Amino acid sequence: MPQDWKEAIVSPLFKKGSKAKPENYRPVSLTSIIGKILESIIKDQIASHLDHFNLIQKSQHGFTKGKSCLTNLLEFLEGVTSDLDDGNSVDLVYLDFAKAFDKVPHRRLAKKLEAHGIGGCILQWIENWLSKRRQCVGINGVYSSWRDVTSGVPQGSVLGPILFVIYINDLDSDLVSHIGKFADDTKMYKSVNCIADVEMLRNDLTRLDEWSREWQMQFNIDKCVVMH
């Protein structure tokens, strides 16, 4: 893949909080238009493969066919209110990954892609697409110096979101609690009526913590919330 297709100008998109803090901006990568056209062709083929073999967990509503933020909210609301209508208490845990798209390790991502049946020339192309990337920050026509990108999938790219969905696809494996995902935004809930239910929820949180350590995707504890 040509090197200039791997170079991105990062445009900081303000989210919330103090405008003086860099962490309150989302780094959107402005990349080659021709490169994005090729990305979209490959993305469509990967999405078709995942859909044909039903490989993505039902809990994922982001960047998947026929699902959206709305289906995520409605399904979650239906599950919680159903438990409440049955007279159960419900505990909810809202989870937030720290710099999720920027932290994806490339070698581990390649293993996940292979596990989903994506190999051969396509995997080689993706590995090449992720390697030797460079970026600089541009604000009002003023640009920083170029820096190498050693991890993560580019935010603002066509292919990045579906690669991230594949990377966290097994996040909810072996969990007893219900979980809902929209890309990296994750929430988990369970009816809790006795000490045994509490322990099951705690065990699920432990499993999620173990997954985050194994796959180098740490949670941002300050943004995680528990509700009863």
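In what follows, Ala, Val, Leu, Ile, Met, Phe, Trp, Tyr, Cys and Pro count as nonpolar, Asp, Glu, Lys and Arg as charged, and the others, Gly among them, as polar. The model is predicted, with local features requiring pLDDT of at least 70 and side-chain atom pairs counting only at pLDDT 80 or more, while totals for chains, interfaces and linings use all residues. Residues are numbered from 1 along each chain as its sequence is written, and side-chain values use heavy atoms, with hydrogens and water left out.

With β4 (residues 133-139) it pairs in the parallel sense over four bridges, Glu7 having Arg134 in β4 as its bridge partner. With β2, by contrast, β1 pairs in the antiparallel sense over six bridges, and Ile9 has Leu30 in β2 as its bridge partner.

Turning to the helices, α4 (residues 106-115) and α5 (residues 120-130) pack at an angle of about 160 degrees with their axes 11 Å apart, where axes are lines fitted to C-alpha atoms, for helices over the stretch in contact, and angles run from 0 to 180 degrees between N-to-C directions. Angles under 35 degrees count as roughly parallel, over 145 as roughly antiparallel, 65 to 115 as roughly perpendicular and the rest as oblique, and α4 and α5 are therefore roughly antiparallel to each other.

The pockets complete the picture. On a 1 Å grid over the protein atoms alone, a pocket is an open set of points where a 1.4 Å probe fits, with protein on both sides within 12 Å along at least five of seven lines, and lining residues have an atom within 4 Å of a point. Grid points are joined across faces, edges and corners, and a volume is the space filled by probe spheres set on the points.

The largest pocket has a volume of about 740 Å³ and is lined by 28 residues, of which Lys15, Arg26, Asp96, Asp184 and Lys223 lie nearest its centre. Strand β2 (25-30) and helix α3 (100-103) each supply at least two residues of this lining, which divides into 11 nonpolar, seven polar and 10 charged residues.

The second largest pocket, with a volume of about 380 Å³, is lined by 18 residues, and Asp51, Ile56, Phe63, Thr64 and Lys65 lie nearest its centre. The elements giving two or more residues to its lining are α1 (33-52) and α6 (160-167), and α1 gives the most, with four residues. The lining of this second largest pocket divides into nine nonpolar, four polar and five charged residues.

Note on methods: Pairing = 2+ DSSP bridges.
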